[in-house]
Amino acid sequence: MTDPDRERRKIKSVARMKEIMTDYYIRAKEAENTSQPVAWITSGGPVEPLIAMDIIPVYPENHGAMIGASKMGGELCAQAEAMGYSRDLCSYARADLACARSHGGPIGGLPRPDLLVCCNNICSTVVKWYEIQARTFNVPLFILDTPMVHTVYPDSARAYVHEQIREFVAFLEEVAGRALDRDRMQEVGKLSVQAQKLWSDILQTTTHRPSPMSAFDAFFHLALIVTLRGTEVCVEYYEQLLKEMHQRIDSSIGAVPREDFRLLWDNLPIWYRTKWLSSRFAEHNACLVADTYTSAWCSSLDHIDEGDFLGSMAEGYSRIYLNQGVDLMAEKIVSMLKTYQADGLVMHSNRSCKPYSLGQYDIQRIVQDRTSCPVLILEADMVDERLFSESQAGTRIDAFMEMIQARSQPGQNPG
Amino acid sequence: MDHLDLFQAIARDPQAYARQWKHEHQAPVVGMNCSYVPEELILAAGALPYRLIGKRSPAAGADRHLQVNCCGVVRRSLEDSLSGDLDFLDGMVFANTCDSMLRLSDIWRLNRLSFFHLDMLLPADLTSRSAEAYLPAVMADLKNDLEEGLQVTLSRQDMARAIATLNRLRRRLTALEAARLSGVFPISGAEMQAIHIAAMVMDRHQAARCLEELLRSGQQAAAARVNDSAARRLVLSGSVLQLPELLDCLEEQGGQVAGFDLCSGSRHFAGLVDESLPPLSGLARRILNRPNCPARHGGLLRRADHLKGLVEDTGARGVVFALPTFCDPHAFDIPMLERELRASNIASLVLEIDEAGAMSEQLRTRCQAFMETLP
């Protein structure tokens, strides 16, 4: 029998989202047999020029998330280990390297790439990973190098990335055999900015009590801003989703049955346990209302000039959340805890992601000093379920929630 | 103490050397995390360039800042600093290389572990035209930052003199390695490694002078066993390695470590700075031309080609990879390097070196088994 309250709380746009993503992957898979080039690109990479040139972008990291959510990560990672790759390497990379050989995973592998575009604004691992795939598929590789903004962004780095954007366009023009249409590029840039603004607005709706969606919902709805930003379908979908969020706010529909406590999530999701984690926190009347991960796809809007997208891309792509110093990341978390009136912070210490995880202990101390907010650190991995202990995580979550319950009245902002 | 003993003593305790040097010279010591830092600029500023290699085994200090899956070099360097063992450092220069080093730089800065703190934003792709144009600007930024941090002005002559000193040091090391392989100077692999490590931390003028005198004297080292024409030569490849027991073990099994493809070996010293170029351009050019670290993109097969070249140049029969646990850039390259070597009929062995850098019985057995298979 269906639970009417549960049905009421379900986000209705999900069906449309699944439709769009299915169409996207079908189109990408079919492109393998056409003359339309397929580019594999990192999740933080500059996709807009690809869209403007009708090159189909495919995201191995999005694929990695699908693999994780399908609980196929452990098996694929083990295959990569049999190929000689250390178990300590990023599980997105290991799963992708295995899929490229075995055509495994939930969709039978990704379509063969004609080119690879790698931007290191999310990590240095992607460069090594894409080097391997460039050798495997014998296709050209472009590396967009965005020096880290530890504290400041030097003029030399700004000029360097700017110059690389010019090289990137020249690279695409050579591979595609045609020139970039600058007017089309401008249109795509506008659509990208529009989608990022809508995504930001959607994430802002969770400042409301009760929160109309959770971070776990955001992890799911993120797929479009990653894979299809710069397209009309992305803008249309987020308009629909934003509308639904406002309707939920008007009708006081929350993401969880009872929201006494609001939490912030840090790092990538634990893809194979999102449902379990959501339920576990919900049992304590807690909702993870926001996260640092999904907000990264609208974090550099201040640096993008809608009127000169190509010209401002260099700065926009350099100044994303993960490509900055730990102190700047801590600032952001402290600010988010206040904005979202969070009662606690849950940090996923993700074995796969060093730039996200190393520094978390210092962030924890900064947060505790400045907000007195309790912090839980969960040791896990985003895709490789062999590195997750459900009983240990459960015990730690229970203890954390008991502490939050004991120290604060429901709904009070500790910051 | 003869020169070889001096190098070995410094390699055993580089921190004591740097502390004493600072006391005697009343001059600053500037740490550097990586072989990509142009030590010439530090030297030109009148300071001692001190390469961090990490001595102290990780303890509670580093554990409070870093997860367990962080490599030993990073953990040990942080532990050294937190424990006060690096209190002689006036400043630090961090070359931005792998993700762990990037975050180590942040943690170092946040915890105010040195008086001044500089990030050198090295390009990730050393093959691009934009990187070629950008690198001299990185050198200029570092020069300006060092001038500010050390309250000095670096003249073109200062830099040219420092470049000449480091070039002299590199030439002498190359000559010593050649003398060793020809049997003229039969020191062991572990002794050669100690010279490499000492030369990364000691007064560079003194190091160059000692190497010259060492070569001139034709001093016969104690470990004459390696001057054995039957020894099967090996190339050692990896990151920072401080495990003389590993080299001794390979040489006890009839091997001779002839190539040091290490961050604490030939990668640190390879390539000269072109003294006819303006100093900053010359320093940038050397970075582009020297053998690349796996954390920098130098082309899809450049590392394999370099390794095969080193095997050929040294007459080695195999390659031993000393892979530090949790070192992602090296670990990603291993399957490709093994494949490429196999295709050229070069035997290889991958040894994982744990965080503490200890020589286990298992490592010994694997070395022994590998040496038995070598022709």
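The following paragraphs describe the interface of chain B with chain A and then one helix pair of chain B. This is a predicted model, in which local features need pLDDT of at least 70 and side-chain atom pairs count only at pLDDT 80 or more, whereas totals for chains, interfaces and linings use all residues. Residues are numbered from 1 along each chain, chains are lettered from A in the order in which they are written, and side-chain values use heavy atoms, without hydrogens and water.

The contact (heavy atoms within 4.5 Å) draws 49 residues from chain B and 50 residues from chain A. Together the two chains bury about 4,100 Å², with 57% of it on carbon and sulfur atoms; buried area is the accessible area (1.4 Å probe) lost on putting two parts together, summed over both. In chain B, the greatest losses to chain A fall on Gln67(B), Arg103(B) and Phe332(B), together 21% of what that side buries.

Three salt bridges (a side-chain nitrogen of Lys or Arg within 4 Å of a carboxyl oxygen of Asp or Glu) are found across this interface. One of them joins the side chains of Asp333(B) and Lys128(A), at 3.0 Å from N to O.

Within chain B, helix 8 (residues 156-182) packs against helix 13 (residues 279-289) at an angle of about 30°, their axes lying 9 Å apart. Helices here are DSSP runs of H or I with at least four residues, numbered from the N terminus; axes are lines fitted to C-alpha atoms over the stretch in contact, and angles run from 0 to 180 degrees between N-to-C directions. Helix 8 of chain B contributes Arg156(B), Met159(B), Ile163(B) and Arg170(B), and helix 13 of chain B contributes Pro279(B), Leu280(B), Leu283(B) and Arg286(B).

How values were computed: Helix = DSSP H or I, 4+ residues; strand = E, 2+ residues; numbered from the N terminus.
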